[in-house]
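Subject: Structure for you to look at

Hello,

Please open the structure below and keep it beside you while you read. My notes come after it.

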Amino acid sequence: MQELLKKLVEKHRQTTNLGKVANYIPELEKTNPKDLGIYIIDNDGNEYFAGEYNNKFTVQSISKVVALMLAILDNGEDYVFSKVGMDPSGDPFNSIRKLETSSRRKPYNPMINAGAIVVSSMIKGNDVKDKFNRLLEFFKKITEDPTLELNPKVYLSESETGNKNRAMGYYLKDEGIISGNVEEALEIYFKQCSIDVTAKTIAKLGLFLANEGQLSNGEQVVSNRVSRIVKTLMVTCGMYDNSGEFAVRVGLPSKSGVGGGIVSVVPHKMGIGIYSPALDQKGNPLAGIYLLEDLCNELKCRIF
């Protein structure tokens, strides 16, 4: 496995030249577009890695998976999905168009920005600091990574340039979808996206979901049902408006982030973390997708 990963990373490193790092968040533009890394952890405790697997990057939209699980624990499944849907939007992840044109009013799913802002508004706590700290501690617990912390430079960069997200937040407040303070919801959202991780961190998140919400010590943190809901939404919506093609090519529950991460789940077997900051036009890690496709061809681990 170790040799296979090294081979695939070197094969697809040249593919990074076809993508571009996210530049609408200024801090992300400083990333090296040629970076490519992978980390795999299986149920037997084996760990395999290659490339820039140890580089830190911000989790970005992969945090939507974490926030969704915590919001369901805090509020219950019925309440969460009364405010946000479960269907693909067919639009870019940061689109505002369907909020106004759709008859359903609520965001299509929790994996696009509008839905994620609603989900972040549901995190319980005494104040915004407490709410974010609860999310961060939950993230640490399910990845078994106590080192996770906020990247303040990326957070400020996100907050200063997040005008479209603010517009969505205030529109959702006006429509009665967000019931709390909009600026608090946005602060939590910007901060959760700005948590520093590595490929290993998100591989551990993938393993947590592969084991139906159970830690390596056997503790059941979220129910099988919550884990199944999250993985299903990852398949249908996790790779933005490229989720269908990704499901055909790779065939694993996955969630990407514009920081370059992809978390993938091989149910009951392993978690996979990818770092590939050069993105395609949809906002997904370009070389990372090719690497995952080849890996699934070699391991025959698709769920379809």
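This is a predicted model: local features need pLDDT of at least 70, side-chain atom pairs count only at pLDDT 80 or more; totals for chains, interfaces and linings use all residues.

Residues are numbered from 1 along each chain as its sequence is written, and side-chain values use heavy atoms, leaving out hydrogens and water.

Salt bridges

A salt bridge here is a side-chain nitrogen of Lys or Arg within 4 Å of a carboxyl oxygen of Asp or Glu. The count comes to 17 salt bridges.

E47 and K200 form one of them, at 3.6 Å from N to O. E47 is in strand 2 (residues 47-51) and K200 in helix 10 (residues 199-210), 153 residues apart. Helices (H or I, at least four residues) and strands (E, at least two) are DSSP runs, numbered from the N terminus.

R134 and D74 also meet in a salt bridge, at 2.8 Å from N to O. This pair links helix 6 (residues 128-143), which holds R134, to helix 2, which holds D74, across 60 residues. D74 is buried, with a relative accessible area of 16%, whereas R134 is partly exposed at 29%. Buried means under 20% relative accessible area, exposed over 50%, and partly exposed in between (1.4 Å probe, protein chains only).

K141 forms a salt bridge with E219, with the closest N and O atoms 2.8 Å apart. K141 lies in helix 6 and E219 in the loop between helix 10 and helix 11 (224-237), so the pair ties together parts 78 residues apart in sequence.

E10, R13 and E52 are linked in a network of salt bridges.

A buried charge

E158 is in helix 7 (residues 152-161). E158 is buried yet has no salt bridge, and the nearest side chain of opposite charge, R166, is 9.4 Å away. For charge, Lys and Arg count as positive and Asp and Glu as negative; His and the chain ends are not counted. Beyond its neighbours within four places in sequence, E158 is in contact (heavy atoms within 4.5 Å) with residues including Q60 and F190.

Positive phi

Most residues other than glycine have a negative phi. Q60 has a positive phi of about 50 degrees and sits in the loop between strand 3 (57-58) and helix 2 (63-75). Q60 counts as buried, at 3% relative accessibility. H268 has a positive phi near 65 degrees and lies in the loop between strand 7 (261-266) and strand 8 (270-275). H268 counts as exposed, at 52%.

Regards
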